[in-house]
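Please look over the model shown here. My notes follow as numbered points.

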Amino acid sequence: MPLTSTTAPPFVTVLVRGLLAGLIAGLLAGAFAYVAGEPHVEAAIAIEEAATHAEPAAGGHDHEDALVSRTGQRGGLFLATSLFGAAMGGLLATAYVLLSRRRRTYDDGRSGLLLAGAALLGAVIVPFLKYPANPPAVGDPATIDERTVTYLLMVVLGLVAVWAGSLGYRAVGGTAPTWQRAAAATGGFLLVAVVSSVVMPSFQEVPEDFPAALLWDFRLASLGTQVVLWTGIGLLFAALMHHDLRRRTATALPGT
């Protein structure tokens, strides 16, 4: 039986645990991205540089050196993933507290794990299926603003799809069989996700001569980084909340 407590932990306590979980998960995600993604980034940059040097000199293009060296970019990778992870962990902790106020008891962190899974599904997987990540040398700089806006909108729609699935699960009623509630949740999620994917614009900017294997290896590494991040946040946050709840429950027992 899961531990429960009628006493809510202070928001600051939950927030600190979310930030810590996100920071550690961000470092793990950075390590994964470094090992699984950097080789593909290097290969894509090599292709881009080869194409750049092949341009006729008469084109009049002056190629400037990158503002940040590749060594600096590799070091910044861990900084970026750790800061992003901490921010996401803080948002997860805030959502956990807000949703926990709707219940009379506070569980051992399973809600945090479910929230992390929902974020992974809605904010990562749904947008990835429509707009998978592209390596350097892929994408038209003229459309970067449009692509950024549509991607962020797809993230919002992905979260709406998760919310629709949650509504479908609850709408069936608690007395219905589990499979019916699961079917309603899946139907609500797929309805919003599929319609969103169909109506959102598509961008076909991958050069025909770009290696397909390199493209998909990069995309899978990018997706894997997000999976590591959100799985780590969910598991670490749940573990920290479970430990905190056990400590508070033991303190509240008579004779302790």
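1. Helix 4 (residues 144-171) packs against helix 5 (residues 178-199) at about 155°, and their axes lie 7 Å apart. Axes are lines fitted to C-alpha atoms, for helices over the stretch in contact, and angles run from 0 to 180 degrees between N-to-C directions. Helices are DSSP runs (H or I, at least four residues), numbered from the N terminus.

2. This is a predicted model: local features need pLDDT of at least 70, side-chain atom pairs count only at pLDDT 80 or more, and totals for chains, interfaces and linings use all residues. Residues are numbered from 1 along each chain as its sequence is written, and side-chain values use heavy atoms, with hydrogens and water left out.

3. Helix 4 and helix 5 are therefore roughly antiparallel (angles over 145 degrees). Residues of helix 4 including Gly165 and Gly168 meet residues of helix 5, among them Gly188 and Ser196. Contact means heavy atoms within 4.5 Å. By class, the contact of helix 4 with helix 5 has 13 nonpolar, five polar and one charged residues. Ala, Val, Leu, Ile, Met, Phe, Trp, Tyr, Cys and Pro count as nonpolar, Asp, Glu, Lys and Arg as charged, and the others, Gly among them, as polar.

4. Ser82 lies in helix 2 (residues 70-100). Ser82 is buried, at 7% relative accessible area (buried means under 20%, exposed over 50%, partly exposed in between; 1.4 Å probe, protein chains only). A polar atom of the Ser82 side chain lies 2.9 Å from the backbone oxygen of Phe78. Leaving aside neighbours within four places in sequence, Ser82 contacts Gly22, Leu23, Gly26 and Leu27.

5. Ile125 is in helix 3 (residues 110-130). Ile125 is partly exposed, at 29%.

Technical notes: Helices (H or I, at least four residues) and strands (E, at least two) are DSSP runs, numbered from the N terminus. Angles under 35 degrees count as roughly parallel, over 145 as roughly antiparallel, 65 to 115 as roughly perpendicular and the rest as oblique. A polar contact is a pair of N or O atoms within 3.5 Å; within protein, one must be able to donate a hydrogen and the other to accept it, and residues adjacent in sequence count only if both atoms are side-chain atoms.
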